[in-house]
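Here are my notes after a first pass through this one. Have the viewer open as you read.

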Amino acid sequence: MAMSFNQNESAILDLIDAFTCGNIAASDFEQEYSAAWRTYRDSTDTKKADIATQKFFDSVFSLVDSYCSDPELIDEDDLNEDELLSEVSRLKATWENAILA
């Protein structure tokens, strides 16, 4: 059974795919994902989303929020580029397994 996604969800999924495939840098992903997630959050789409997808998007946002692209400002608790990529990829795989189950 194929899942269908609305425009906001598709935009977020495209960004996540572009990042995990290496097509955009972590710093660009950070800015673009934050903006896309806020658009999604403020829309009525969240009321229609399945729980797994909503949790996936929120979890990726939390990871993006924990990432710091500025070496001058990075804390020891912040994620670096590789850690962000690894964690987003892990969440994506978990989400894909959940929606295909």
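1. A cut-off before anything else: a residue is called buried under 20% relative accessible area, exposed over 50%, and partly exposed in between. C21 comes out at 55% relative accessibility, so this cysteine counts as exposed. C68 sits at 16%, so that one is buried. Keep in mind throughout that this is a predicted model.

2. How many disulfides does the model have? The count is zero. For that call, a pair of cysteine sulfur atoms would have to lie within 2.5 Å.

3. Next, the helix pair α4 and α5. Their axes are 10 Å apart and the packing angle is about 175°. Since angles over 145 degrees count as roughly antiparallel, that is how α4 and α5 run relative to each other. On the α4 side the contact is made by A52, T53, F56, S59, V60, L63 and V64; α5 brings in L84, E87, V88, L91, K92, W95, A98 and I99. Sorted by class, the residues in this contact are eleven nonpolar, two polar and two charged.

4. Between those two helices, α4 (51-65) and α5 (81-100), runs a loop that holds I74. Setting aside residues up to four places away in sequence, I74 touches C68 and L79. As for F29, I74 is 45 residues from it in sequence and 17 Å from it in space, C-alpha to C-alpha.

5. Over to helix α2 (residues 26-42), where S34 is found. With 14% relative accessibility, S34 counts as buried. Its side chain reaches the backbone oxygen of E30 at 2.8 Å.

6. Which residues does E30 contact, leaving aside its neighbours within four places in sequence? They are V64, Y67 and S69. With S69 there is a polar contact of 3.2 Å between the side chains. Y67 is 37 residues away from E30 in sequence, with a C-alpha to C-alpha distance of 7.7 Å. E30 is a charged residue by class, yet its relative accessible area is 18%, so E30 is buried.

Notes
Residues numbered from 1 in each chain as written. Predicted model: local features only at pLDDT ≥ 70, side-chain atom pairs only at ≥ 80, totals over all residues. Heavy atoms only, no water. Buried < 20%, exposed > 50% of the residue type's maximum accessible area, 1.4 Å probe, protein only. Helix = DSSP H or I, 4+ residues; strand = E, 2+ residues; numbered from the N terminus. Contact = heavy atoms within 4.5 Å. Axes fitted to C-alpha atoms, helices over the stretch in contact; angles between N-to-C directions. Parallel < 35°, antiparallel > 145°, perpendicular 65-115°, else oblique. Polar contact = N/O pair within 3.5 Å; in protein donor to acceptor, adjacent residues only side chain to side chain.
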